[in-house]
Every structure is written in structure tokens, then in C-alpha cells.
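Biologist: Hi! Could you walk me through this model? I'd like to know how the terms are defined as we go.

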Amino acid sequence: MKKHLLLMAGGAAILGSVGWFATRHAEHVMLETSIDHFRQALGPDATFTFATAKPGILGRSVNFTNLTLRQGPETITADRAELERPGQSGGDITQIGRLSFHGFQLTDPAISLQSDQLDIEDLTLPVRADSPGDPAQPLGIGHAHAVRLRAFVSPVQTDMAASDVTLDNFGEGLASRLEAHDLALNTDSPPDMGADGGQRHLHALDINVDGMDLSGFYTSLSTGAPYLPRPGVHDITVTNLDVTTTAPVVRAARILAHTNRTDSKEQDVVSIRGLELWPDAPNLGWLPTLGYTHFVGGLVLNETRDLQTNTLHVEELALDAPNMGRLHLNGTFIRPGSAPLLSAPRPDMPVIAMDLSYLDHGMVPRALQAIAEARGMSPAMLLNTLATQQPSTPEGRAIVAFLAHPGQKPLHLVLQPPQPQPLAAVLTGLATLGAIPQINQQMGLHVKTP
């Protein structure tokens, strides 16, 4: 009996050993198959090296150490990486089900990236065309999540850091989604962005971008080709934005930007709550002259651009500052550029028609005081001079009456020039206070009072 039990135990041990060796052999075969599929997914112009490769649970994944991928000018390295489900997904396009990196780094001529932890799902690696007539395989990402991301973008000399970034649906012509938390940017300021120039620092608690072709935007950055927005709905939300140089420049509690673009028109709706602007912001160097440390208020913009006629119709531009005033504007302009009105207002942008209403909350008396002091007189003397020395036009009389009692009722100006006039010329004409009949006629100026 004892001998029989010993034989059974020995048989079980032998079977176990055979099973273990069979399992290890199967895992090794699956490991080699996975690595081979991964090499195929990289394409013929890529190199792939590593220090060690071990199978994961049930051989369904591969764990690498000291991984290095090179393809053209791009290089990816990782201290540790896990690869799952490399294979094909229709035609000749190869996909990788999941890649997980620890100590990730990517470098190419346009951008360098680092991340403590990076997880990517449904990855299609870019593969160059075999010949000029063949289509290339672009980069595609179903989902990616990065922890403690750092980046430097060479074309715009900008470095970036974020505690947490999530990207969905990244690919050529696709509507992507991007979420970034605790985002910080440092970039060189353009010459027209503040008196001191130098480094500009941006921080935002949260940034969400939904619907943009982020792949096309990246291609534009890396190649210099113009970025062409895709048709559809695009949304951007920014929370707790802070922009500084050596001094504060811009602060906003919440920015909402909604764009709906078709082949024929593009509509933008922008809302900014808790907006603060300092004198270093473009075109605001006059704030200290009127005794303001900075602007505080809110903004709403609703505009539609006709892409076929390149005309811009502003349904509403509302700027409300409790200690300055309330400005409402609507109008039609010739707008050959593609940027929204807020991002790049051009002084030579022709005005087809414009309707402007302003209710003062304290800025007009400050302006009159500053102008009067510069001329060595009192505000009352200045108003008397404006009323008596300038030509007596209906428009001039109405504007001077508003300046004498600015807080009682709004000033309402309507401009309908016979021919489109550059925005700078319109603003210069308004500075004459409606006193010159020829300029009033050129601008088609009408002053309405309640």
C-alpha cells in the first residue's frame, strides 16, 4: 500500500513538472509572438530594444525593462513598460491594445515629453509610407492618461507641466478630448504682449478641450503648416487662469468658449467670469493714467464669421466693469483672418456697421480729470471749452451732454459708413467727439439718446 502511494505521489510530481514546463514553454511562445507582433506594429523603419522581457499573467502581456523605441527623429524610452494585445485591426493597420510606461520619455524635433506614469490604450503607431504614392499610417490613440507630465515644445519655446492629463480619441481629423489638471506653462512673450516682454507664466487649475482636431494642431506645431479647424462643435473650459510676467497680466475665474463650425460659417460664444486685467496686458497701459490699478469685470462675446464672404458679425460684445462702465457692441466687419475677435483684433479690420452703447460707472469723470490736468484746467473748464469752441453739430452736442452727466443715461452711437472704414480710423474719428461734420459723414455717425 505504501509503495502504491509513493508511486502515485511520484507520478503526480512528474505530471506537475511536465505541466510546469509546458506552461513555461507556452508562455515563452506567447512572449516571442507578442514581441514579434510588436515589432511588426512599429513598422520597418523603427528599432526596438530592451534589457529584459518577461511574460505577464497567463502570458497575455509582456513586461520590459529599459525599453527604447526609435523611429526617424523620434525616440521613446521607459524604465519599465508593459505591453498587452499587439495585433491587427483591419487591413494592414496594426494596433496595440495597451501600453503602460513607468519613467517615460519621448523626444523629437518638435517636442519632448516626460511622465512618471503613462497608460495608453488602442494605440496605432505611425508608419511612414513605403513609396511616395502610398498612404502613411498616422498616430492614433484611443485613450491615454499621464501622471506628472512635463513637456517642452520647441517651435513655440514653451515648457509645460501638469499633475494629471487625459487624452481621448487622438488621430488624424478626429474630434479629440483633452483634460489637464494643475497646468503650468512658461513661454516667451511676443513683442506686443506687454511692455517688458520676457517670460510669460500661465497656470490653470483645470483645462478641458473637447471636439478639436488635436492631431492636426500637433502637426501644425511640428511642421509649421496652418491649422485648419475641423467642422463640428468645439468646447474649451478653463478654471482659475492666472497669467503673469514679472507682474500680474490676466486672471479669470472661469472661461467658457463654444465654437460651432460648418463648411460655410463659424460661430463663437465666449464667456469670461471674474476677469482681471493689469496694465501689462495689451492696450491697457492707460489704466494707471485714470487711477486704476487693474480692470475687474466680466465679458460675453457672441460672433459669427461667414467663411465664404469673410465677414464677421458680432451679435453681442458685452464688457461690464462695476467701477468703470458697461459697454455693449454689435456690428459687422470684414474679417479675412480665422482667429476670433478677442484673440487678434486688427486695427485695420474694416467696419461695415457698428452699434455701440456705453453706460458710465465712474470712468468718464476720471478721464475728464486726466485730460483737464494735462491741459492745465479743471474738468468744468474742459467741458465748457468742448461745448463752446467746437462746431455745433447734433452729434457733438449729444456727446458733450453725455460727458457732462455720464452716469444718468447711456451713450448710444450708430455707425453706418458709406464705405467700410478701418477700425483704427473709426476709433480716431470717435475721438473727435462728433464735432467735425466731414468725419461724422465719413463714418455715418448717428448719436441716439433715450
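Modeller: Happy to. Let's start with a definition: contact means heavy atoms within 4.5 Å. Helices (H or I, at least four residues) and strands (E, at least two) are DSSP runs, numbered from the N terminus. This is a predicted model, where local features need pLDDT of at least 70, side-chain atom pairs count only at pLDDT 80 or more, and totals for chains, interfaces and linings use all residues. Residues are numbered from 1 along each chain as its sequence is written, and side-chain values use heavy atoms, with hydrogens and water left out.

Biologist: Thanks! What covers the buried residues of H2?

Modeller: The cover includes strand E8 (158–170), strand E9 (177–188) and strand E10 (199–210). The helix itself spans residues 214–223, and its buried residues are Leu214, Ser215, Gly216 and Ser220. Buried here means under 20% relative accessible area, exposed means over 50%, and partly exposed is in between (1.4 Å probe, protein chains only). Gly224 follows H2 and has a positive phi, near 85°.

Biologist: How many helices and strands does the protein chain have?

Modeller: Seven helices and 20 strands. Of its 450 residues, 38% count as buried. Among contacts between residues at least 6 apart in sequence, 53% join residues at least 24 apart.

Biologist: And what does the accessible surface of the protein chain come to?

Modeller: About 24000 Å², of which 60% belongs to carbon and sulfur atoms. Those areas come from the Shrake-Rupley method with a 1.4 Å probe, and for residues only the protein chains shown count as cover.

Biologist: Let's go inside. Which residues have the most contacts inside the largest nonpolar core?

Modeller: Phe101, Phe333, Leu403, Leu413 and Leu415, in a core of 87 residues. A nonpolar core is a set of buried Ala, Val, Leu, Ile, Met, Phe, Trp, Tyr and Cys residues joined through side-chain atoms within 4.5 Å. In soluble globular proteins, nonpolar side chains tend to be buried together.

Biologist: What does Phe333 touch?

Modeller: Leaving out residues up to four places away in sequence, Phe333 touches Asn310, Thr311, Leu312, Val314, Met349, Pro350, Val351, Ile352 and Met354.

Biologist: Asn310 is on that list. What is its phi?

Modeller: Near 55°, a positive value in a residue other than glycine. Asn310 sits in the loop between E14 and strand E15 (311–321), and at 28% relative accessibility it counts as partly exposed.

Biologist: Where is Asn283, and is it buried or exposed?

Modeller: Asn283 is in the loop between E13 and E14. At 68% relative accessibility, Asn283 counts as exposed. Its phi is positive too, about 65°, although Asn283 is not a glycine.

Biologist: What about Leu287, buried or exposed?

Modeller: Buried, at 0% relative accessibility. Leu287 lies in the loop between strand E13 (265–277) and strand E14 (295–306). Leaving aside neighbours within four places in sequence, Leu287 is in contact with Leu277, Trp278, Pro279, Tyr292, His294, Phe295 and Met324.

Biologist: Switching to H3: which of its residues are buried?

Modeller: Val364, Leu368 and Ala372. Seen down the axis of H3, they fall within an arc of 65° (taken from the directions from the helix axis to the C-beta atoms), so they line one face of the helix. On the other side, Glu373 and Ala374 are exposed.
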